[in-house]
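Please look at the sequence and the structure shown below, and keep both at hand while reading.

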Amino acid sequence: MTGPQQSTPDAVPSAADVTFRPSPQRTLGVEWELGLVDPQSLDLTSRAHELLDLANAPGDDTHARPTRTRSTVTKELLTNTVEIVTGICANAGEAASDLRDGLARVRRAADEIGVDLYGGGSHPFARWEDQEVTAGQRYATLIDRTQWWGRQMVIFGVHVHVGIRSAAKVWPLVNGLLTYHPHLTALSASSPYWSGEDTGYASNRTMLFQQLPTAGLPFQFETWAQYRAYLADVFTTGVITDPTELRWDIRPSMTLGTIEVRACDGFARVQDVVAVAAFIHCLTANLEKQLDDGTLPPPLPPWHVQENKWRAARYGLDAIIIRDAQSSEGPVVDDIHALLDRLEPTARRLGCTAELAGIEDILRRGAGYQRMQAAVSADGSGDLRAAVRAMLVTD
């Protein structure tokens, strides 16, 4: 016997009323989630409301607010998390400026209340049972519906928005970007530990987040009309009441006129966030050019996409991925190097050559999961606080 299900809402929203508002330019936006940790215990601490009050306070003699205010600092699902959000940017260089502005405000507030900032995809040993949910109807509804799985979402990520100039382009580009899901997962993987255990995964966050009923990989719609028909179904049956409740790894954002890529674990450096943002910006622009030229390759079959996601989450930068519908395979790192060469002309057009080069730096230094594992190994005692220290935000 099953328990009661969510009832169908009295006023069913209409898919016809959901409109994609195209972006006039191929713009860029970034959202960067950060955990708050106690400097002594290095455990998560639920002090976001204090930090947000200070970071967003009007300027006065003691809390001087910077003159730049394009970036915003906002709350998230749990009170151990804050999010830095850029303004609408032309390229990754502008996004970097916004992120540094937001981080400066967050750091000043964090120093004042005595907390450190953590950039990993999940915390190595925090107990999910101890975390507090942020007040608000949207969060309360999510937890009420998802229960045990929703309460476990003690995770941190980076979301990247790219402006799209026509609704008709959205799903061909989403499907094209799914080919590169494992590349993004491998580069950003920074959640190998969970509740004090070594999970054996480079990105346990990836596997955990997809347990929510409307999260994970998107369906591969071919047209906007197919997506609108899907929305009509899920509105009518009460699955969701708003498209933002579809928490897919890659999704359209109606009001912003963007494709939002949500596949990445967290990062501990602005430079790394910006590098991946540039990578996504260039990938999307390159795919759009192929779409316009009629040369866009067919999307990977859904079973290949699903397998690649798992391989990247499990093995990170050591993953062997499926490259095409003919089932040829190769190392994800080789693919990333080849992509960087192929995207160089696009990066020049977008003005983000230097930022895109940061991907090579991630490959040289190691992804977050590799640095966390190396820190624990070097400690010699198995103390997972070493993994937290490896992902404290330093710039």
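This is a predicted model: local features need pLDDT of at least 70, side-chain atom pairs count only at pLDDT 80 or more; totals for chains, interfaces and linings use all residues.

Residues are numbered from 1 along each chain as its sequence is written, and side-chain values use heavy atoms, with hydrogens and water left out.

In soluble globular proteins, nonpolar side chains tend to be buried together. A nonpolar core is here a set of buried Ala, Val, Leu, Ile, Met, Phe, Trp, Tyr and Cys residues joined through side-chain atoms within 4.5 Å, where buried means under 20% relative accessible area, exposed over 50% and partly exposed in between, with a 1.4 Å probe and protein chains only. The largest such core has 92 residues, and the members that touch the most others are Trp32, Leu51, Tyr227, Leu231, Phe279 and Ile359. Helix α8 (residues 270-293) gives the largest share of this core, 13 residues. A second, separate core holds 30 residues, among them Leu77, Tyr139, Met372 and Ala387.

Helices (H or I, at least four residues) and strands (E, at least two) are DSSP runs, numbered from the N terminus. The table gives two packed pairs, with axes fitted as lines to C-alpha atoms over the stretch in contact and angles that run from 0 to 180 degrees between N-to-C directions.

| Helix pair | Angle between axes | Distance between axes |
|---|---|---|
| α5 (residues 181-188) and α10 (residues 332-350) | about 105° | 10 Å |
| α2 (residues 92-113) and α8 | about 150° | 9 Å |

Angles under 35 degrees count as roughly parallel, over 145 as roughly antiparallel, 65 to 115 as roughly perpendicular and the rest as oblique. Therefore α5 and α10 are roughly perpendicular to each other, whereas α2 and α8 are roughly antiparallel.

Finally, Ala57 lies in the loop between α1 (48-55) and β2 (72-75), and it counts as buried because its relative accessibility is 17%. Ala57 and Arg228 are 171 residues apart in sequence and 41 Å apart in space, C-alpha to C-alpha.
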